[in-house]
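Hi,

Here is the structure I said I would pass on.

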Amino acid sequence: MYDELFNDVSDYVETLRKCSTYFRDLFDPAAPFRFDEPFATRARALSNALVASGATANFWPLIFATRLEYPANGELYCRVVDLCERFSARVYAICANRPNAARSSLGYLARELHAGKDPDDVVRAIAAKLWQFAPDDQVRANFAPGIKWYMRRSHKYILFEYELAAVREPG
């Protein structure tokens with residue numbers, strides 16, 4: 001009985017240690033991601049963009065589950081963080097949904113990923129949730145003349161990311 005309790009507590013503490021490392025990596029612009037290139041570089045850029053969005057807490061369970069279950073899979077991490085950043089931009093910054101919109105759904109998907117569900121299915125489910133909360137017509141409507149989206153606190157993030165995208169893909 002005590003051995004089982006000791007093992008459970010040890011596993012829990014080790015998981016907390018790993019998650020604290022993943023948390024640090026998310027917020028460190030020069031994080032030492034241990035992924036093969038080009039995924040390590042992309043992971044840093046995507047993590048920095050997500051942090052710049054100002055809305056990260058809803059995505060921590062997904063990020064932790066991805067890194068815990070697939071610690072060396074840089075491609076999966078990049079796909080998940082890219083969707084999280086798009087989710088933050090579209091759902092929270094542009095469409096101005098409440099800060100906890102989709103939190104329970106995202107948490108459920110993190111649990112599914114951690115429990116061994118096919119990561120491609122989880123990624124598709126995240127994308128489906130993104131389009132449910134912020135379809136293109138709703139995003140376009142939030143940039144329509146007369147909508148004072150630039151008065152929102154998130155406007156600097158949207159403009160900064162737009163400028164970065166324009167520099168990366170000129171013309």
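**Rings and charges**

The charged end of Arg67 sits over the ring of Tyr77, 5.5 Å from the ring's centre (the rule for a charge over a ring: NZ of Lys or CZ of Arg within 6 Å of the ring centre and within 35 degrees of the ring normal). Before you read on, please note that this is a predicted model, where local features need pLDDT of at least 70 and side-chain atom pairs count only at pLDDT 80 or more, while totals for chains, interfaces and linings use all residues. Residues are numbered from 1 along each chain as its sequence is written, and side-chain values use heavy atoms, with hydrogens and water left out.

Now the aromatics: the structure holds 9 aromatic pairs. Rings of Phe, Tyr and Trp (its six-membered ring) pair if their centres lie within 6.5 Å, and planes under 30 degrees apart count as stacked, over 60 as edge-to-face and the rest as tilted. One of the pairs is Phe33 with Tyr77, which is tilted, at 5.3 Å centre to centre and 45 degrees between the planes. This pair links distant parts of the chain, 44 residues apart: Phe33 is in the loop between α1 (2-27) and α2 (39-53), and Tyr77 is in helix α4 (residues 74-94). Helices here are DSSP runs (H or I, at least four residues), as are strands (E, at least two), numbered from the N terminus.

(Buried means under 20% relative accessible area, exposed over 50%, and partly exposed in between, with a 1.4 Å probe and protein chains only.)

Next, Phe59 and Phe87 have ring centres 5.8 Å apart and planes at 75 degrees, so the pair is edge-to-face. It also links distant parts of the chain: Phe59 is in the loop between α2 and α3 (60-69), Phe87 is in helix α4, and they are 28 residues apart. Both Phe59 and Phe87 are buried. Together with Tyr92 and Phe133, they form one aromatic cluster.

**Salt bridges**

How many salt bridges does the structure hold? There are 11, a salt bridge being a side-chain nitrogen of Lys or Arg within 4 Å of a carboxyl oxygen of Asp or Glu. A few to look up:

- Asp136 and Arg90 meet through their side chains at 2.7 Å, N to O. Asp136 lies in helix α7 (residues 136-141) and Arg90 in helix α4, so this pair ties together parts that are 46 residues apart in sequence. Asp136 is partly exposed, with a relative accessible area of 36%, whereas Arg90 counts as buried at 15%.
- Lys117 bridges to Glu112, with the closest N and O atoms 4.0 Å apart. Lys117 counts as partly exposed at 32% relative accessibility, and Glu112 counts as buried at 16%.
- Arg124 and Asp121 form a salt bridge at 2.5 Å, N to O. Both lie in helix α6 (residues 119-133), 3 residues apart, about one turn of the helix. Asp121 is partly exposed, with a relative accessible area of 30%.

Arg67 turns up again here, linked with Arg24 and Asp25 in a network of salt bridges.

**How the helices pack**

Helix α5 (residues 103-114) packs against α6 at an angle of about 175 degrees, with the axes 10 Å apart. That makes α5 roughly antiparallel to α6. For α4 and α6, the axes come within 10 Å and cross at roughly 10 degrees, and these two helices are therefore roughly parallel to each other. Axes are lines fitted to C-alpha atoms, for helices over the stretch in contact, and angles run from 0 to 180 degrees between N-to-C directions. Angles under 35 degrees count as roughly parallel, over 145 as roughly antiparallel, 65 to 115 as roughly perpendicular and the rest as oblique.

Which residues meet between α5 and α6? Ser105, Leu109 and Leu113 in α5 meet Pro119, Val122, Ala125, Ile126 and Lys129 in α6 (contact means heavy atoms within 4.5 Å).

**One more residue**

His114 lies in helix α5 and is partly exposed, with a relative accessible area of 43%. Leaving out residues up to four places away in sequence, His114 touches Ala65, Leu68 and Glu69.

Cheers
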